[in-house]
Amino acid sequence: MLVARDDPLDTYLVHHPEALFGKPVEATVLDPANPHVLAPQLCCAAAELPLTPADLPLFGPTAETTLDALVAAGILRRRPSGWYWTERQRPDVDLRGAGGGPVAVVEESTGRLLGTVDTGSAHHQVHTGAVHLHQGTAYVVDKLDLADSVALVHAEEPDWSTHPRDVTSLTVLSVRQTRTAGPVTLSLGEVEVTSQVVSYQRRRISSGEVIDTCQLDLPERILKTVAVWWTVSPEALDEAGIPEVDWPGALHAAEHASIGLLPLVATCDRWDIGGLSTALHADTALPTVFVYDGHPGGAGFAERAFDVATDWLAATRTVVAECRCEQGCPSCVQSPKCGNGNNPLNKHDAVRVLTLVLASL
């Protein structure tokens, strides 16, 4: 039995059950050459038993280069018989895969540790003033101390929820692959994403009414990762009947829906990936939609999206076009993680954009 949630992926599966029952087991996506993934694994292997040259093929073609970097950093030691772990304690590996140590969530009045939040999510989930749910109990964050990696909270059942707002910019560092199809170009490459949580809204739970907006003073976060992106020419958008004033809303809606449907073709969650859309990007000089891996160095999701782009974007278009809502809803183009409060969004022009992209590809 599948109890469907109000999101694009579940909407698609409810209306297209053959995607679940008529397909082979989903593809597990991993980029083993990512040094953020490979280096800790080599350290763990060397700590169990010294690595030998005969072992290197097990870890892929970039293993020796990564080992040289670990030796240069003093983490491993090279001897004639192989590579050795140099510390007394075991390697410190982040099992959550987000990079950096976890942020402890502590009940201030008792000092009780409630749990942890990975560093990458702390700014959104446990910022000062946030409502944080833990095992069915609501807590309000009194203070997020980034220096000590701790969020101090107290139990409270407010009649409001919190929704962080952020600003994001993206720079293309290099392009690995590209496919040009008429007015549309599909690309894969390395990017640098700079994001900052700048405020949060408090919304009444019963009605969704915005009570107020509170400013936050949190540092920027920089993520170097892998992204897939597509551009479309302004002339093609004009011919598709999308006025220039509606380009941001159309691209934004298409971005949200494509993020929501990427888990259909890659083993990930929408919270593992991010996106950015703009009517004119500085690096492409064109209307562009980016979808990027939320893990340092990339986790293989963007590569998978590039390889099966037509299947991915066709499912995305189907969800948006078949949704019965008038202006867009959480089942198609609205996103629970949008830093701009789901504004602007244009559902009908998103269908036109996706139709144009698919026809070209």
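Predicted model: local features only at pLDDT ≥ 70, side-chain atom pairs only at ≥ 80, totals over all residues.
Leaving aside neighbours within four places in sequence, Cys44 is in contact with Pro91 and Val93. His163 stands 119 residues from Cys44 along the chain, and the C-alpha atoms of these two residues are separated by 39 Å.

Cys43 counts as buried, because its relative accessibility is 6%.

## Cysteines and disulfides

How many disulfides does a search of the whole structure find? The search finds 0. Cys43 is in no disulfide, and the nearest cysteine sulfur, 7.0 Å away, is that of Cys44.

## The aromatic pair

A search of the whole structure finds 1 aromatic pair. Its members are Trp229 and Phe290, with 5.4 Å from centre to centre and 40 degrees between the planes, and the pair is tilted. The pair links distant parts of the chain: Trp229 belongs to strand β11 (residues 221–232) and Phe290 to strand β13 (residues 288–293), 61 residues apart.

Are the two partners buried or exposed? Trp229 counts as buried because its relative accessibility is 3%. Phe290 is buried too, because its relative accessible area is 0%.

## Strand β11 and its partners

Strand β11 is mostly covered, with 9 of its 12 residues buried. It pairs with strand β9 (residues 184–204) in the antiparallel sense over 12 bridges. One of the residue pairings involves Ser195, whose bridge partner in β11 is Arg221.

Strands β11 and β13 also run antiparallel, and 5 bridges join them. Here Val228 stands opposite Val291 in β13. In a regular strand, side chains alternate between the two faces of the sheet.

In soluble globular proteins, nonpolar side chains tend to be buried together. The largest nonpolar core of this model has 52 residues, of which Val228, Trp230, Leu262, Trp312 and Val353 touch the most other members. Helix α7 (residues 247–261) gives the largest share of this core, 8 residues. A second, separate core has 16 residues, including Val105, Val117, Leu144 and Leu216.

Which residues does Leu262 touch, not counting those up to four places away in sequence? They are Cys268, Ile273, Val291, Phe301, Ala305 and Trp312.

## Charges over rings

The charged end of Arg79 sits over the ring of Tyr84, 4.9 Å from the ring centre. The charged end of Arg202 sits over the ring of Trp160, at 4.7 Å from the centre.

## Backbone features in loops

Most residues other than glycine have a negative phi, and most peptide bonds are trans. Gln135 is not a glycine, yet has a positive phi of about 50 degrees. Its place is in the loop between β5 (131–134) and β6 (137–145). Gln135 counts as exposed because its relative accessibility is 74%. Ala285 likewise has a positive phi, near 60 degrees, and is found in the loop between β12 (273–278) and β13.

The peptide bond from Asn343 to Pro344 is cis, with omega near 0 degrees. Pro344 has its place in the loop between α9 (309–322) and α10 (347–360).

## A buried histidine

His16 lies in the loop between α1 (8–15) and α2 (18–21). His16 is buried, because its relative accessible area of 15% falls under the 20% limit. Not counting residues up to four places away in sequence, His16 touches Thr318 and Glu322.

Note on methods: Residues numbered from 1 in each chain as written. Heavy atoms only, no water. Phe/Tyr/Trp six-rings, centres within 6.5 Å; stacked < 30°, edge-to-face > 60°. Helix = DSSP H or I, 4+ residues; strand = E, 2+ residues; numbered from the N terminus. Buried < 20%, exposed > 50% of the residue type's maximum accessible area, 1.4 Å probe, protein only. Lys NZ or Arg CZ within 6 Å of the ring centre and 35° of its normal. Pairing = 2+ DSSP bridges. Contact = heavy atoms within 4.5 Å. Core = buried A, V, L, I, M, F, W, Y, C linked by side-chain atoms within 4.5 Å. Disulfide = S-S within 2.5 Å.
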